[in-house]
Amino acid sequence: MTMDAAAESSESRLSSSQLNKNKPFHNDESCPKEVLPVRGCGSRNTSPSGRIGSRNTSPSRQKVVKTKPRGLDEETVATFGKAVHPDVQMEDNIWAMLPEDLFNEILARVPPFMIFRLRSVCKRWNSILQDNSFLKFHSEVPSHGPCLLTFWKNSHTPQCSVFSLPLKTWYRIPFNFLPQWAFWLVGSSGGLVCFSGLDGLIFRALVCNPLTQSWRTLPSMNYNQQRQLIMVVDRTDKSFKVIATSDIYGDKSLPTEVYDSKIDKWTVHQIMPAVNLCSSKMAYCDSRLYLETLSPLGLMMYRLDSGYWEHIPAKFPRSLLDGYLVAGTQKRLYLVGRIGLYSTLQSMRIWELDHAKIMWVEISRMPPKYFRALLRLSAERFECFGQDNLICFTSWNQGKGLIYDVEKKVWSWIAGCALQSYNSQVCFYEPRFDASVR
């Protein structure tokens, strides 16, 4: 509260108490109401009786607001649009006796990033984030909502910022707890974030929880070669899996491998029957992994439960320059990309896969003003990823971010996105304290 607001609140309470002391309040319609406007430099009575012997210095005569006599607060709302309430004093001895379970339930409903900043207050605040009672309440409350996690390196030091879409605020999270080897962002799921990279000459993957600052390195794969990964978290049994897609290394094809945190090992699965694939453009939807392939043309679908690949002959739209697969809710799979060979005719479009007809159906187009602001040149690169019904677009050169809500059909810029590093890696992120890396 500012000093002016504090002075206004104090004077309002003083004027109200004097009024009640000198003139008892009567619940009678015939009783005239007195409106006491609050000003930072003093209080002036504008009632008819209060104006006797005084001079009104305002340019126009003050209008008396008359309402039903149910208290000063209601009249203050009618006059100034905001009620003046006295400050509530919180007594330490009462709050100190708050039951532990009630305290944990209240704390579990506080936005996670605010709790994260309270770790340095005292040892109790720091240790409560690992308390089983708090984690139980935290797992039962609704999710904070979607966030965007940006990761980059500044002078070989990992940096991380998270943008909360519900709060529309950026939060900086320290990332100096990770090992000092070359790694890049894979993705996020269920509160965990996955990275992969080179520890010397060895390709490794690690999983961490940014809020609890806990992490672990996954064991080496059976075919330890660099390739694309994707992570999936199962919150029901508190486990996660990492899928290493099939790839071609040298003159031999590498099989698909899946890491299961419940058994802490990689298992080898079928080699994907595709010759030419775009493994970097994949999406996980309804326990299935989808990848774009050029030979055979269409999609390759990997069933996580059976461990087998299947070809889906869904032809891509004509004149598609670059396409990204995005997973939606309820088995919905989207294709996002640019259409048009010339810069003046290009547009960004969104299609949805019709599983019954095995074809892409256009559902939306990016308005031209957003497209021109996001990609000023026809050769500019962009990234696209999604979560639930949200699709995010980021421009490498412009340093801008745009979000599209498929259900609401609303486009909106990400506030403060230009403040982040232009070469940052971005993904959707759900902040959770109860997500374990074990």
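Strands β18 and β19 form a hairpin in which five residues lie between the two strands, and Gln330 in the turn has a positive phi of about 55°. The model is predicted, so local features need pLDDT of at least 70 and side-chain atom pairs count only at pLDDT 80 or more, whereas totals for chains, interfaces and linings use all residues. Residues are numbered from 1 along each chain as its sequence is written, and side-chain values use heavy atoms, with hydrogens and water left out. Strands (E, at least two residues) and helices (H or I, at least four) are DSSP runs, numbered from the N terminus.

Strand β18 is mostly covered, as six of its eight residues are buried. Buried denotes under 20% relative accessible area, exposed over 50%, and partly exposed in between (1.4 Å probe, protein chains only).

An open sheet is formed by four strands in the order β4-β5-β6-β7, with antiparallel pairing. Its edge strands, β4 (182–189) and β7 (214–217), each pair on one side only. Neighbouring strands of this sheet are turned by 25° against each other on average, direction ignored; the axes are lines fitted to C-alpha atoms, and angles run from 0 to 180 degrees between N-to-C directions. Between β4 and β5 (residues 192–199), which run antiparallel, there are seven bridges, and Ala182 has Leu198 of β5 as its bridge partner.

In helix α4 (residues 100–108), the buried residues are Phe103, Asn104, Leu107 and Ala108. Viewed down the axis of α4, these buried residues fall within an arc of 130°, and they therefore line one face of the helix. The arc is that of the directions from the helix axis to the C-beta atoms. The cover over the buried residues of α4 includes α5 (112–117), α6 (123–127) and α7 (132–140).

Over the protein as a whole, the secondary structure comprises eight helices and 26 strands. Of the 438 residues, 43% are buried. Among contacts (heavy atoms within 4.5 Å) between residues at least 6 apart in sequence, 49% join residues at least 24 apart. The protein exposes about 24,300 Å², of which carbon and sulfur atoms supply 52%; accessible areas come from the Shrake-Rupley method with a 1.4 Å probe.

How values were computed. Two strands pair if DSSP finds at least two bridges between them.
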